[in-house]
Amino acid sequence: MNAPSQVTLVEVGPRDGLQNEAQPVSTAQKIELIELLLAAGCREIEATSFVSPKWVPQMADNAAVMAGIPRRAGVRYSVLTPNMKGLEAALASRPDEVVVFGAATEAFSQRNINCSIAESIERFRPVVQAAHASGVKVRAAISCALGCPYQGEVSADEVEHVARLLRDIGVDHCGVADTIGVGTPARVEAAMERALRHFPIEEVSGHFHDTYGQALANIHACLGMGIHVFDTSIAGLGGCPYAKGATGNVATEDVVFMLHGMGIATGLDLDQLVDAGAAISRVLGRPPVSRAGRALLTRRESLRQAA
Ligand code: HMG
Ligand code: MG
């Protein structure tokens with residue numbers, strides 16, 4: 001397999017993870033999580049969302065989170081901006097990158113952002129222009145690229161249709177998202193291949209929720225295609241409030257364990273990621289979803305007892 005020697009992981013736990021938590025997580029706890037992620041070497045962090053607080057109250061402290069996190073050279077913070085109102089609020093918080101999020105299906109577009117696919121593109125167009133005018137890169141996510149909680153099956157044609165529209169309005173990067181975690185490797189390869197028709201390989205990434213336990217296999221399939229950017233979430237946090245039953249993103253710790261085992265560099269320190277995952281899991285009052293995280297915590301505990 002001709003896998004890349006280096007992979008970039010975009011840590012989405014503070015956004016995708018915490019947007020879906022029923023219990024309150026304070027602004028200070030969110031900032032502390034981001035500090036732990038920085039200590040573990042994360043350089044790409046999706047910090048929060050500038051969406052309607054009526055729709056996603058968990059992200060209502062977006063400006064306070066952005067004001068409280070340390071800014072360092074080489075660290076890129078991204079935030080979700082579904083429309084101009086979100087972008088204007090976001091720009092005041094000095095993000096390095098903004099994320100517009102569309103969907104491969106009309107049904108999910110309506111449920112998640114309250115408009116059709118075509119309307120979403122018209123909302124994103126000025127967002128892309130204004131972000132670029134401010135020197136801010138624009139990433140896009142295509143939700144439900146492998147399956148939709150409302151429509152069911154999703155074809156590669158539907159993914160390509162949205163990828164083309166996003167490219168036409170000038171977004172810089174295309175994230176192919178398996179919102180409900182139903183994708184399997186061959187179907188993921190087909191969806192990725194369609195995104196690659198419109199974006200260069202360094203600007204295509206995978207975002208895999210792990211509901212059906214397929215995410216590592218899907219990342220492995222993408223590596224075989226040369227894709228080398230993936231979204232992952234510390235402790236396996238995550239989900240979308242508008243995709244009920246879908247579990248978290250693939251855990252950062254699990255992906256790092258696999259990549260380092262394959263000799264692929266990430267720039268991340270697995271032990272410190274485990275600390276970050278354990279810390280946010282303590283806040284949430286449950287063990288990390290990450291299998292590698294749990295195994296390494298158990299190993300640490302048995303070494304401590306043996307000492
Ligand atoms: P809408 O109701 O159609 O918007 O919502 P509107 O323009 O008609 O405005 C209605 C109200 O919302 C107004 O306030 C606006 O000011 C306000 P009111 O007059 O009623 O007091 N408003 C906003 N407030 C703050 N920030 C904004 C904003 N925009 C309007 N940006 C909207 C449209 C997109 C805002 C809404 O549907 C929304 O916020 N949806 C949130 C969706 C979301 O955050 N989903 C989760 C993230 S996506 C995800 O997780 C998927 C991903 O991980 C990839 C994957 O896994 O698939 C990325
Ligand atoms: Mg997601």
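Tutor: Let us start with ligand 1, where an oxygen atom is 2.8 Å from an N or O atom in the side chain of Arg15. This is a predicted model, in which local features need pLDDT of at least 70, side-chain atom pairs count only at pLDDT 80 or more, and totals for chains, interfaces and linings use all residues. Residues are numbered from 1 along each chain as its sequence is written, chains are lettered from A and ligands numbered from 1 in the order in which they are written, and side-chain values use heavy atoms, with hydrogens and water left out.

Student: Which residues are the donors of the magnesium ion (ligand 2), and what makes them donors?

Tutor: They are Asp16 (OD), His207 (NE2) and His209 (NE2), at 2.1 to 2.2 Å. Donors are N, O and S atoms within 2.8 Å of the metal (3.2 Å for Na, K and Ca), and since water is not among the atoms, sites may look incomplete. Asp16 lies in helix α1 (residues 13-17) and His209 in the loop between β7 (204-208) and α9 (215-224), so the pair ties together parts that are 193 residues apart in sequence. Helices (H or I, at least four residues) and strands (E, at least two) are DSSP runs, numbered from the N terminus.

Student: Why is Asp16 called buried?

Tutor: Buried means under 20% relative accessible area, exposed over 50%, and partly exposed in between (1.4 Å probe, protein chains only). Asp16 has 2% and His209 has 4%, so both count as buried.

Student: How do you know on which side of the cut-off His198 falls?

Tutor: His198 has 17% relative accessibility, so this residue counts as buried. Its side chain joins that of Glu160 in a polar contact of 2.8 Å.

Terms used:
A polar contact is a pair of N or O atoms within 3.5 Å; within protein, one must be able to donate a hydrogen and the other to accept it, and residues adjacent in sequence count only if both atoms are side-chain atoms.
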